[in-house]
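Subject: Structure for your review

Dear colleague,

I am handing over the structure we spoke about, and below it you will find notes on what came out of the analysis. Please read them with the structure open beside you.

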Amino acid sequence: MLKYGLLLLTVLSMASCAHVKEYQKNRINDSEMSLSSRHVEKNELNAESYREGSSGANDGKTGGGCGCN
Amino acid sequence: MKKLSLSVIGMYLMMAQAFSQTNATDSTGYKPKKLKLDEINLVSSYYDQTADKSAVMGGEPGPRGVANVTDFANGLDLTFIGWDKKKRKNTLALGLGIDYHTAASQAYVDSSGTAKNDGTRIYPTINWTRENEQKGTSFGIGAYYSAEHNYYHSIGLNASVSKKNKSNGEFSLKVVGFFDKINMIYPSEFYPVDSLKNTQSSDSIVYRTSASGQTQAFVYNNGQLVSNSDKHKPQTPTKPRNTYTASLAFSQIINQRLQGSVEMDLVYQTGYLGLPFHRVFYNTGKDTIENLPSQRFKLPIGFRLNYFLGDRVILRSYYRFYVDSWGLMSNTFNLEVPVKLTPFLSVSPFYRFYAQTAARYFAPYKVHSETDTYFTSNYALASFNSSLFGAGFRIAPPKGVFINSLRTLEIRYAHYMQTTDLNANIISFNLTFK
């Protein structure tokens, strides 16, 4: 599975990044294109951090600050 | 003479006009703006779980290992925005979270099953960020506090910096520290009953479980009981747990429809990393309290890729690889597909798959040997797979939802299940006011 992540990273770094002007960012700036978790997902992420052994790299907790792992 | 006079007057008028020009007015009209409330977010969720093999009962299956949980979580976030004289944007974010939970396993902290089985957690936060939009840089600091009834309290501090480049990319670094104090509340069978009969010759703390099943701590000073007064309240001892995190992230706009990011956290935890009321049953039947190493290193790496397909569909993908020094490894894959039914209304089905290998110190109920150095039967550290699936609904019309100030309403339902027989449902609401 890590190889799929590395593949994604390769796409990110090797893909031809077109210069996108501000007036061309209407789709990129759509709120649902945001590169972060939604506000409404916040408590789902908390529940996952309590029930699973891993955490982090997802805008949520990495450990500490709670009675979780 | 008249010609000379006229010439002098003419020259004077020309000179006067040259010095009568006023400075051109500033057409930008920029003025600093004080911090003003810009946005209010209210998030509320209800979580309902059924499970067994609770950590409090050492992973015991069946009724005594019941791990049913309900949690009503609420969070209120206020965002204030202002601009200073140097045209830098200042953002002040204030947050307050209040959760109320019930946990059936909590009752078995007392072996009779009569201990308090609910609790409340309160956690305020404050964050301040200064952004220079011209330079594409930002800097921020923040603090966090959390207190959960009977279990712990925590102080968190964070600092962050970010820099945008000219190619629509952005680097960011955030460092966070959590400094927790865990209340050492042990299962009742490990407390001496009526230990007041045993006198103490020096300062100490003795725990007594009464006939009603309630356990109290009594502080002794030079053999004399000091309790039940405002000055000498019985105190439960605490142990520290500290967590240090450095988060590195890079995001990039690839083209008009595609953008992605990578985030890596370097996490180091030290101190008391278990919980004092988590039992472990040895293969002999004897029970004890879980014992975990006092250090843990974690390395999660997450990747996001979002693509705007056509005019109505967005593909939000996420993958995370995780590994830590306790031998636990996991992979997470998440795909969400918002479909815009109208420009202001969207439905977002999603699916998340998670697969985890066990930490090397985990073993199920009555498997650990008494010669093991570290041991736990907390199924959060076991080997399992899980699935999370559901859908969200989002409405954000330009004139507001019902009222002008309510700009966004989101409702989201998810069902969660693990191969450990844990099942849960969570429904969440988010209201955004501007």
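A term needed for what follows is pLDDT, which is the predictor's confidence in each residue on a scale from 0 to 100. The model is a predicted one, and the predictor gives the complex an ipTM of 0.84 together with a pTM of 0.84. For chain B the mean pLDDT is 88, with 82% of its residues reaching 70 or more. Where pLDDT is low, the predicted coordinates should not be read in detail.

As to the fold, chain B comprises one helix and 22 strands, and 32% of its 434 residues count as buried. When contacts in chain B between residues at least 6 apart in sequence are considered, 55% of them join residues at least 24 apart.

The largest nonpolar core has 24 residues, and B:Val56, B:Val109, B:Ala359, B:Tyr361, B:Phe362, B:Leu381 and B:Ala382 are those with the most contacts inside it. Leaving aside residues up to four places away in sequence, B:Val56 touches several residues, among them B:Val109, B:Tyr108, B:Phe277 and B:Arg279. There is also a second, separate core of 14 residues, which includes A:Ala47 from chain A as well as B:Val69, B:Ala104 and B:Ile426 from chain B.

Turning to the interface, 39 residues of chain A are in contact with 69 residues of chain B, and the side contributed by chain B is made up of 31 nonpolar, 27 polar and 11 charged residues.

Finally, two backbone angles may be worth a look in your own viewer. Most residues other than glycine have a negative phi. B:Lys87, however, has a positive phi near 60°, and this residue is found in the loop between strand E2 (69-83) and strand E3 (89-103) of chain B. B:Lys87 counts as exposed because it has 12 C-beta neighbours inside 10 Å, the cut-off for exposed being 12 or fewer. B:Phe402, which is not a glycine either, has a positive phi of about 70° and lies in the loop between strand E20 (384-395) and strand E21 (406-418) of chain B. With 8 C-beta neighbours inside 10 Å, B:Phe402 therefore counts as exposed.

Best regards

Notes:
Residues numbered from 1 in each chain as written. Chains lettered and ligands numbered in written order. Predicted model: local features only at pLDDT ≥ 70, side-chain atom pairs only at ≥ 80, totals over all residues. Contact = placed C-beta atoms within 7 Å. Nonpolar A, V, L, I, M, F, W, Y, C, P; charged D, E, K, R; others polar. Helix = DSSP H or I, 4+ residues; strand = E, 2+ residues; numbered from the N terminus. Buried ≥ 20, exposed ≤ 12 C-beta atoms within 10 Å, placed from the backbone. Core = buried A, V, L, I, M, F, W, Y, C linked by C-beta atoms within 7 Å.
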